[in-house]
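Welcome, and thanks for taking a look at this one. Below is a short briefing to read alongside the sequence and the coordinates.

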Amino acid sequence: MRNSQLHIAAVLVLFLVLPAQSPAQVGVEVQVVEGFWSDGQQNYLSTTGEIVFGIRYYNYSDSTVGSFRSGYRLTATSGVQWDHTWIEGNDGPGGLWHFTIITEECLDCDGVPPDLVAFNAMPAMFGGMPHGYDEEALRVGVVLGDGNETLNGNTLCIDSSFFPPNGNWLWSYSGFGGSFVPAWNGPLCYEFRGPDPDCCSLRGDADGNGTGPDIADLVYMVAYAFSGGPPVICQQNADIDNDGLLAPNIADIVYLANYMFDGGPGLDPCP
Ligand SMILES: [Ca+2]
Ligand SMILES: [Ca+2]
Ligand SMILES: [Ca+2]
C-alpha cells in the first residue's frame, strides 16, 4: 500500500473512531414563556398577572452531570419594577428525581431589578443527571401585580448569573469528567406591552376567525393553556368571563365550556 493510501486509511479510521462533537451536549435553555400574548405578528409580555419562564436542562454528553449550581438574573429597562420574583424546581417524576438536595433560593426577589434567584442540586442514588436527561427542571416566575402601566413598552431580560458563595460565574457543572460550562440560550429579552383595549370584536372568538364561540375556539384556548399552543390575538375576545385578567385562563375555559355544554351564563358583549 502506498503512503498516501495509508494516510487516507488512517484518517478514515480516526473519523470513524472519534465521536462526533456537538457544541450543545450539556445545556440549559428557556423553553417556555407563559404570559405572552400576540398582536398577530409578534409576542409580547403581558403587563398584568405573572410571567413564568420554564427552564430546560439537558445532558447528551457521555458524562453524568453529578451536581450543578446555577443562578438567574432578571433585569429590566431602567425604572421598571414588579411585585416579586420566585423560583421552583420540578422535583416530581420526570423532573429532578435524580437529585436529592435541591436548593431553590431567592437571593433578591423584591421586584426592583435586578432580581436574583439560585438553584443548587446534588446527585441522588441514581447518580445525577444521566445521559439523555432532558426536562423542564426549573421555573422562574415574575409576579407583576395588577395593571402596571409603567411596564408598557419596556423590556424584561433573563440571564444566567453569579451563584454565591463560591463565586462561580455563569454556569458551573461538575460531572464525573470534571467541570464544564453548559450551553445557555440567553440572555433573552422580551417587551412588555399592554393588550390593545379596543381589539374586542366578538367575545369568545379566541382563534380570531371571526365566528364563535364554538368548539374550535374552546380547543384553541385549551391548547394555549395546557399544551403550548399559540397565544390569542385579542385578549378581550378570549376573556370569556370579562374579569380583565390575562386571557384565556382556566376560569375562561371553564366559563366557556359551561356556557356551551351546560346552559351556563352567556358572554358579555364587547364594549
Ligand atoms: Ca432586586
Ligand atoms: Ca372563532
Ligand atoms: Ca378572564
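Let's start with phenylalanine 226, which is found in helix H2. Please keep in mind that this is a predicted model. The protein has 271 residues, of which 32% count as buried, and its secondary structure comprises 4 helices and 14 strands.

- Going from phenylalanine 226 to asparagine 249 takes 23 residues in sequence, while their C-alpha atoms are 9.9 Å apart in space.

**How H2 packs with H4**
- Helix H2 covers residues 215–227 and helix H4 covers residues 250–262; the two pack at an angle of about 155°, and their axes are 10 Å apart.
- Angles over 145 degrees count as roughly antiparallel, so H2 and H4 are roughly antiparallel to each other.
- The handedness of the crossing of H2 and H4 is left-handed.
- Which residues meet here? On the H2 side they are Leu218, Met221, Val222 and Ala225, and on the H4 side they are Ile250, Asp252, Ile253, Leu256, Ala257 and Met260.
- Sorted by class, this contact of H2 with H4 has 9 nonpolar residues and 1 charged residue, with no polar ones.

**Contacts along the chain**
- What share of contacts between residues at least 6 apart in sequence joins residues at least 24 apart? For this protein the figure is 73%.

**Backbone details worth a look**
- Proline 113 and proline 114 are joined by a cis peptide bond, with omega at about 5°.
- Proline 114 sits in the loop that runs between strand S7 (99–108) and strand S8 (115–123).
- Another cis peptide bond links glycine 186 to proline 187, and here omega is about -5°.
- Proline 187 belongs to the loop between strand S13 (183–184) and strand S14 (188–191).
- Asparagine 242 is not a glycine, yet its phi is positive, at about 55°.
- Where is asparagine 242 placed? Asparagine 242 lies in the loop between helix H3 (235–238) and H4.
- Asparagine 242 is partly exposed, because 17 other C-beta atoms lie within 10 Å, which falls between the cut-offs of 12 or fewer for exposed and 20 or more for buried.

Key
Residues numbered from 1 in each chain as written. Chains lettered and ligands numbered in written order. Predicted model: local features only at pLDDT ≥ 70, side-chain atom pairs only at ≥ 80, totals over all residues. Axes fitted to C-alpha atoms, helices over the stretch in contact; angles between N-to-C directions. Parallel < 35°, antiparallel > 145°, perpendicular 65-115°, else oblique. Left-handed = near helix turned anticlockwise from the far one by under 90°. Contact = placed C-beta atoms within 7 Å. Nonpolar A, V, L, I, M, F, W, Y, C, P; charged D, E, K, R; others polar.
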